Each structure stands twice: as structure tokens, then as C-alpha cells.
Amino acid sequence: MNHQATFAKALLAPDQTCPDGLFSGNGADPASRFAVHRNTVHNGLINALAVAYPVTQLLVGEAFFRAMAGLYVQACPPTSPLISEYGSTFANFIQGFEPAASVPYLADIARLERLRVRAYHAADDRPLEPHTVLAALQARADLGTVRLRLHPSVATLASAYAVVAVWAAHQTEGGLAALDPGHAQSALVLRQGLEVKVFAIDAGSVAFIQRLAQGEALQTAVERALEASNDFDLHQCLTLLISHHAITHLHLDSKVSP
Amino acid sequence: MTPIFAHPSSPAQAPGLPDRAGLGLKHEHFIEVLETSPDLGFFEVHAENYMMAGGPFHHYLGLIRDQYPLSMHGVGLSIGGEGSLNREHLARLAALIERYQPQAFSEHLAWSSHGSVFLNDLLPLAYDSATLHRVCEHIDQVQSTLKRPMLLENPSTYLQFERSTLDETDFITEVIRRTGCGLLLDVNNVYVSCINHQRDPSAYIDALPLQAVGEIHLAGFAEDSDSLGDRLLIDDHGAPVDNAVWQLYEQVLARIGPIPTLIERDNQVPALSVLLAEAQHADGLLTQVRP
């Protein structure tokens, strides 16, 4: 193994190993100085996860979160110098992390928080003003063939738990009264202007938005949404998307507007 | 090896950052900076913090760049890495520099990636001829890709390598001679390394090619102790600049005159006013040595 491979392996090892070939000018044990790098690597990455997953941390407490994040750092160190992207597999790690099983919705809260980070840093695209979208849609006789392009920040999450309610309850002090996390709820995440927003939506809306994102026309997206949920409300879902600047282009037949 | 960029007699006189104090731009301060337009020479950002596609970070940096000179400071190129430079990352960096047109770009004499793993720390190098050759090759590649000279920052170190054959200052001097890059003199790193290795900080500075200094960094450190109970200083950018570092800074300015100077604070970021006071102190010292 080359020198830096040995050094890197020791930095991420669970035990306090110190690579050979190092010394301290004063004769101190090099392991006591190698520990500076070990701590910097671990604390820096755990801190980055704590910033990206604040509600996940609140749900299990700081000590548990940091221990869990430390194991994740060792198992899945970053593969890119872009630390804002670090932790994209953290939710899957939490899903399989036995000691966290008593909080069954923890992984989905982490998934929601990852979508929020992604939305925050997603590409910019100028949205259509609500009145522009409404005027264009109302003018169409063949509304079903219209395709909508969504803002790059738009994402959905389907969950068996009340992810949005749990997440929202942790945005204000003491807001967790009478919350049942056991009912299924889905989330819409988007960035409106500079602000990331989270909305509770139903399974039909998730299917609808996913189809739109895949470039399907309105007709097909509505059909899929109704398959997913009889209660799907097209008007409500479209209003949500339009009013929060989630639509950036309207494709009318072969023409793109504007 | 022929230098790709022969450095001018004084890089500080080349069009670049003003010879004033600047601050690291923290997202916590975006709005206050725009609302109050503090009197500062420049802002510096970590390049890797702005490599996302879009969103608020680009929005605010664009507005602040319109008002201030900008220094871009890389923390992820891994110039000292045993492997080749990450071309994808270098391309992202080139695009970012094209977009924001910073007055200066700097990186570290360190490594941070190995294979596909990014270790998120500035890790130390053995100073031998193989490392020297590799570091110079990587700096040549960076400078030719970015089409501009870069500044190389002296490291803060805690350990020494048995296989090192050169002093750190000789190593840095040779890199600068071979590649034509400039020196980002981090005075805090000098102090931290010299205390940790029981060297005289003034002698360390004297051994550097000071004519190549294009920027100075000042920061605070944390204090620990090693297995012998000796002082072990840690470059954590989490405290005000130490008095000993201010004194060393004054010595440097007396030697080489005014140089763009950054106050760095990346952890436990205080109110903007606290950092502005440190910048103002540096500006006062810069004024004293201005001809």
C-alpha cells in the first residue's frame, strides 16, 4: 500500500492506529498528534451531517446522532470535495441502523432533510408567473396534451409516516403536542425564490408530480395520480405548484412557451 | 522545469487584490454585508462552497462580488495527492473562476483526497524529491488549466515524516522557483507549525521567498497538548487572531510592506462586527507600512 493510502486508512479506522514513519520533533508519541487529523476529519464530517440533518438530530439527541454519524463517516466517507453533497446515502444507512429502529420514521425524516438541502442548492431557473400559467392553460381546449416543466428544486417523498408533520413540529419550540407520526404522508419540497418550502401532499399528488417531472402530458399524469389515490384533487395540486413558482415552462404541442 | 508563470518582481503590484484587510465570507453574514456594505478590501470564499448548481449561495456571492474584490481559496484540489488531480474537480474550479473572475486564487500545500475518498482535512506531506516533483506537476496543471498563476499556502503541521529530506521552507522555495506560483503566507500556520515543531517562527519566515508573497492569512488556533504534555496548537480557525500572530504579522509587514491580508474564521463564527474589528486592526497595521 502506498503512503497516503495507509494514512487515509488509519484516519478512518475505528481504532486509534497511527501510520508508521511519523515522528514528533520533541519525541512525543506521534499517535497523540495524528489524533489531531483524525479528530478534524471525523468532527468536520459529523458537523456537516449535523448541519444538513437538524431534525434527525433533534429526534434522537445530539449524543446518539453524533455516534451514528461517526459510524456512517467510517462506512461511507465522502467521495467528492463538495461537502454540501455529503450524506446523500445517510438516510439509507439510518434505515439499516438497528439502534435507531425505535424511531421508525427517522430515515424518512433524513430523506426529507436531504431533499431540502438539494432544493436549496438546485440549479436556478426562472419560474412562470402564476397569471401567465393560468392564462395559458385556460386558453387551451386540449389541456390534456400540455406538458409542464418543473423547477429543478422540485422533489417529492412518499412516506408511511407523517414526515411533514413531524418535521414541521420541530421548526418551532414545543410544537410536538398530539402528533401521531403513524399515518402515511407525502412531501413536496421546492425552492421558491431563495426559500426552501415543504408541503404535505397525498399519494396522488406524488404520482402526478413525478409524471410531470418525467415529461408526461397532463392527461397521463392525472390518470396515474388517480390510480395512486381516488382522492387526487387536480385543481388543488396544480394551484400548489403554480402559486409556489414550481413551473418554469409550458410545452404546448411542439412549441415551448415562453 | 521552466516556470509557466514567471512571477513579477512584486506580485502585490500586479493587478489583483488591494493591499488591505479582507474577510472570509460566511453565509451567516450575506444579508448584513449587502445591507451595510462594510469598508473592506476584499472578501474570500472557499471555492468548494460555491460549486453547487444554483440557489442562495450563488445569488448572494454574485451581489457581493459586484461590490468587492474577491479572492477564491480552494480546499479540495489535493495538490499534494499521490494520485493525479481530479480533472472533474479542476474543471468545476475553472468554471467557477470564469464565472466570478476573482482577483486571486490560492490552494494548499497539502493533500485531501485519496482514490475516490475525500478526507476533508489538509493532510501533511513528506518533503522529498518525489513529492516535490509531483507537487510541481500538479501546480503546473492547475496554472495552465486556470490560465493564471496561483498562490500556494504554507501548511500548519503537527507531525514530521522520517522520509523527509528537505526543510518545509526549502521545499516551498523550490516549488515557487520551479512553477512560478506565488506564496500565500499564512502567518498563523507559521506560528502553529513552529510551536508544534519547536522552531523559531521568525527564522522560518526569513527562510521563505518573501518576494513571492501575494496574500497573507491570519487566524486563530486552538490549544491542546501532546503525549509529553507539550503545547500542541491546532489550526482550527475558531478563535480571534492570537497576539503572538499579530506580532509576527507586524514583523512580516516591516520586511515586505503592505500585502492583502485575510482574517479567517470558519468555526464558531462570531458577529460580523467582531470580524470587522479584527480586519480594522490589520488595516491599521497595513497603513503604518504604506509608503
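Residues count from 1 along each chain as its sequence is written, and chains are lettered from A in the order in which they are written. Because the model is predicted, local features need pLDDT of at least 70 and side-chain atom pairs count only at pLDDT 80 or more, while totals for chains, interfaces and linings use all residues.

**Exercise 1.** Work out how helices α3 and α4 of chain B are placed relative to each other.

*Solution.* Start with the elements: helices are DSSP runs of H or I with at least four residues, and strands are E runs of at least two, numbered from the N terminus. Next, take the axes of α3(B), residues 87-100, and α4(B), residues 129-146: they come within 10 Å and cross at roughly 40°. These axes are lines fitted to C-alpha atoms over the stretch in contact, with angles from 0 to 180 degrees between N-to-C directions. Now find the residues that meet: Leu90(B), Ala94(B) and Ile97(B) of α3(B) face Val142(B), Thr145(B) and Leu146(B) of α4(B), where contact puts C-beta atoms, placed from the backbone, within 7 Å.

**Exercise 2.** Describe how chain B touches chain A.

*Solution.* Begin with the count: 37 residues of chain B are in contact with 41 of chain A. Then ask which element of chain B gives the most to this side: β6(B), with six residues. Finally, look at the strands: β1 of chain A (residues 22-23) pairs with β8(B) in the antiparallel sense over two bridges, pairing being at least two DSSP bridges between strands. Within β8(B), Gln160(B) is the bridge partner of Phe23(A).

Technical notes. Contact = placed C-beta atoms within 7 Å.
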